[in-house]
Every structure is written in structure tokens, then in C-alpha cells.
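Please work through the following exercises with the sequence and the three-dimensional structure at hand. Each task is followed by a stepwise solution.

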Amino acid sequence: MIRKLADHLEEVAGAALLAVMCVITLIQVIGRYILTDPPAWTEELATILFTWLVFVGASLALKRNEHFVVAVFVDWLPDRLGSAARGIAHTLVAICCLVLIWYGVGLTISGHDVDTAVLELPRSWVYLAIPVGALLMLLRTISLIWRRPQAVTRETES
């Protein structure tokens, strides 16, 4: 059960965030165009949810290997060089995730004493999306690095 949740964490979290964000946005639209007075909190909450959705979605795209890449030159390389280039790319992504985690944690800590304008939530809840999303991306990248040599070994044995 826990393994299944871990395998689909981004899908579940992303779907929940998107559903809540759509409801909040619908409330804002109804308030603006029907009641001519939208609730002030809806825009801020939708923005916070969107921030979280971006970082969870980035991890999901990494997990599914759907990030935008230009692989023309890598595809032209021989198998071993292409595999090495992909390994280097995954390592660079992991380093970027570590940097995001480091600075995201610092930003989260510094935003603890600052509240959002309308909801008066600590900004750290907004900034926490950065290190959490980067950690998810790092775990998915490590998984890709771990699986890559096994996939190459299976290909060469066939």
C-alpha cells in the first residue's frame, strides 16, 4: 500500500491540488461576474495552490520523462556515449535539485515570520513548495539514475 502511494504520490497530490484550485477559481469567477464582489481570499489561495502544483507537476514530468529535452545530438551518439551523456544530464538535474532544496529551505525559514496579505498564512507554507518539489524531483532523478545502468545492461545482454 505504501509502495503504491509512493509510486503515485505526484499524481494523487497533483489531482487534488488541481481539483481544489479549480473549485477556488470557480468561486472567484462566480463572485466576480455574478455577485460583482469576489472573495479576496480566492485569488491568494489559488496562487498558493498553483505554486505547489508547479513543483509537484515538475516532479511528475521528471518521473514520466516528459520534460522538454533536445536529444538530437545524444541520439546521434553511439550507445555507450549516449548513455553516458544521459547519465551526466541526470547528475546535473540531481545537482540542480540539491541547490533548489538548499535555497528553498533557507527561503522557507526566512518566510516564517512574514504572513500572506489576505489569508495571513506564514509565507513559509508557500515557499515550502520549492524544497518539497525539489526533493521529489531528486528522488525521481535518483530512481532514473539507478534504473539506467540496469536498462543498458539488459539491452547489451539481449
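The model is predicted, so local features need pLDDT of at least 70 and side-chain atom pairs count only at pLDDT 80 or more, while totals for chains, interfaces and linings use all residues. Residues are numbered from 1 along each chain as its sequence is written, and side-chain values use heavy atoms, with hydrogens and water left out.

**Exercise 1.** Determine whether S59 is buried or exposed, and list its contacts beyond four places in sequence.

*Solution.* Step 1: S59 is located in helix α3, residues 40–63; helices are DSSP runs of H or I with at least four residues, numbered from the N terminus. Step 2: buried means under 20% relative accessible area, exposed over 50%, and partly exposed in between, with a 1.4 Å probe and protein chains only. S59 has 0% relative accessibility and therefore counts as buried. Step 3: with neighbours within four places set aside, S59 is in contact (heavy atoms within 4.5 Å) with E10, G133, L136, M137 and R140.

**Exercise 2.** Compare the span of α3 with its expected span, and characterise N65, which follows α3.

*Solution.* Step 1: the expected span is 1.5 Å times one less than the number of residues. Step 2: α3 has 24 residues, for which 34 Å is expected; from first to last C-alpha it reaches 36 Å, close to that value. Step 3: N65 lies in the loop between α3 and α4 (72–76). Although N65 is not a glycine, its phi is positive, about 60 degrees. Step 4: N65 counts as exposed because its relative accessibility is 59%.

**Exercise 3.** Which helix supplies the largest share of the lining of the second largest pocket?

*Solution.* Step 1: α1 (2–7), α2 (9–33) and α7 (129–157) each supply at least two lining residues of the second largest pocket. Step 2: the largest share, five residues, comes from α7. Step 3: the lining includes E10, L136 and R140.

Definitions and conventions:
On a 1 Å grid over the protein atoms alone, a cavity is a set of points where a 1.4 Å probe fits but cannot get out, and a pocket is an open set with protein on both sides within 12 Å along at least five of seven lines; lining residues have an atom within 4 Å of a point.
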